[in-house]
Amino acid sequence: MKQLKKAIIPAAGLGTRFLPITKAVPKPMLSVLDKPTIQFIAEELESVGIEDIIIVVSPDSDVIKRHFTPNEQLSKRLLSDGKTALYEIEKKTGSFNVSFVVQETANGLAGAILCAEPLVKDEPFALLLGDELIYAGENDKPCIKRLAEIYEKTGKSVIATMEVFGDDVSKYGNIGIKDEEDGVMTVDKIVEKPSVNEALSNNAIIGRYVLSGEVMGMLKKLQPHGNEIYLTDALDELAERGDLLASCFEGVRYDVGDKFGYIRANVEYALRSKEIGEDTKEYIKELAKTL
């Protein structure tokens, strides 16, 4: 079994739910407090020692590239001004081993993954979607670390899942569960965004995956649905063979691709901040009195 060394972060979406800001700023560069969401995701990978991060960008996403490129002029200025804390923050943004590939055609998530195929080839890879942040507290195991450990133990592809109810069921890919042991579920079927009546369970697929190297080859053979290739078609094929696992995660998930989820993330990260946490708490208490 090959060791997990690479990760793909798709970041080529149009971000239409956040127009007009996303006309000029790629959605992965929208910040939670002072940090772009895509950097939170890159930092999550540090928990598993991923060596190479491949970010799939649109043809005009130079902003993302600039963010992850060291800025020597800025670094020198911060040091000369004695702003060592800010220097360390800037140094961090350039510390990731990032490669960029361009998704020329908007053909969905599987299309974005295939753009990274020349760099991944037949190796296993982590896949982290930019619309979702998963906060791991002091006593929580990071989601991608949990998935990586399951992959390393079993050699099987593994996806993150969470329970959803009511109308939320139809917003996500949905998994059927054959059995479960020690929190690891064997998936036997997947349906894409079913109605409540069609759902296989209350378990939704969320944006964290560790996938075996064979998945790239499977994606190449898939028939598109209109203009898109569906990753879930390949996952369903794995599930039918008994080669797909799922696990819940520790911590808190934020859907930062949704306006309310984005606001919620900013508020809760602000409350955790050593710098402004107490001020934020007092502000919310005073604001609540007026509601």
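In this talk, a residue is called buried when its relative accessible area is under 20%, exposed when over 50%, and partly exposed in between, using a 1.4 Å probe and protein chains only. Helices (H or I, at least four residues) and strands (E, at least two) are DSSP runs, numbered from the N terminus.

Good morning. The structure shown above is a predicted model, in which local features need pLDDT of at least 70 and side-chain atom pairs count only at pLDDT 80 or more, while totals for chains, interfaces and linings use all residues. Residues are numbered from 1 along each chain as its sequence is written, and side-chain values use heavy atoms, with hydrogens and water left out.

I begin with helix H9, residues 231–241. Its buried residues include Leu 231, Thr 232, Ala 234, Leu 235, Asp 236, Leu 238 and Ala 239. Just after H9, Gly 242 has a positive phi of about 80°.

Asp 188 lies in strand S10, residues 184–192, and is partly exposed, with a relative accessible area of 34%. Contact means heavy atoms within 4.5 Å. Setting aside neighbours within four places in sequence, Asp 188 is in contact with Gly 176, Ile 177, Lys 178, Ala 239 and Glu 240. By comparison, the C-alpha atoms of Asp 188 and Ser 47 are separated by 29 Å, and these two residues are 141 residues apart along the chain.

I turn now to the nonpolar cores. A nonpolar core is a set of buried Ala, Val, Leu, Ile, Met, Phe, Trp, Tyr and Cys residues joined through side-chain atoms within 4.5 Å. The largest has 48 residues, and Leu 45 and Ile 55 have the most contacts inside it. Helix H7, residues 143–154, gives the most to this core, with six residues. Which residues does Leu 45 touch, not counting those up to four places away in sequence? They are Ala 7, Ile 9, Ile 50, Ile 53, Ala 126, Leu 128 and Ile 144.

Next come the charged pairs. Side chains of opposite charge can pair when their charged atoms come close. A salt bridge is a side-chain nitrogen of Lys or Arg within 4 Å of a carboxyl oxygen of Asp or Glu, and by this rule the count comes to 18 salt bridges.

One of them joins Lys 27 to Asp 131, with the closest N and O atoms 3.0 Å apart. This pair links distant parts of the chain, 104 residues apart: Lys 27 is in the loop between strands S1 (6–11) and S2 (31–32), and Asp 131 is in the loop between strands S6 (125–128) and S7 (132–135). Lys 27 is buried, at 16% relative accessible area, whereas Asp 131 is partly exposed, at 27%.

Another salt bridge connects Arg 208 and Glu 44, at 3.1 Å from N to O. Here strand S11 (residues 203–211) supplies Arg 208 and helix H1 (residues 37–44) supplies Glu 44, 164 residues apart. Are Arg 208 and Glu 44 buried or exposed? Both are buried.

A further bridge pairs Asp 168 with Lys 171, the closest N and O atoms being 2.9 Å apart. Asp 168 is partly exposed, at 33%, and Lys 171 is exposed, at 51%. Salt bridges that share partners also join Lys 141, Lys 145 and Glu 149 into one network.

Thank you for your attention.
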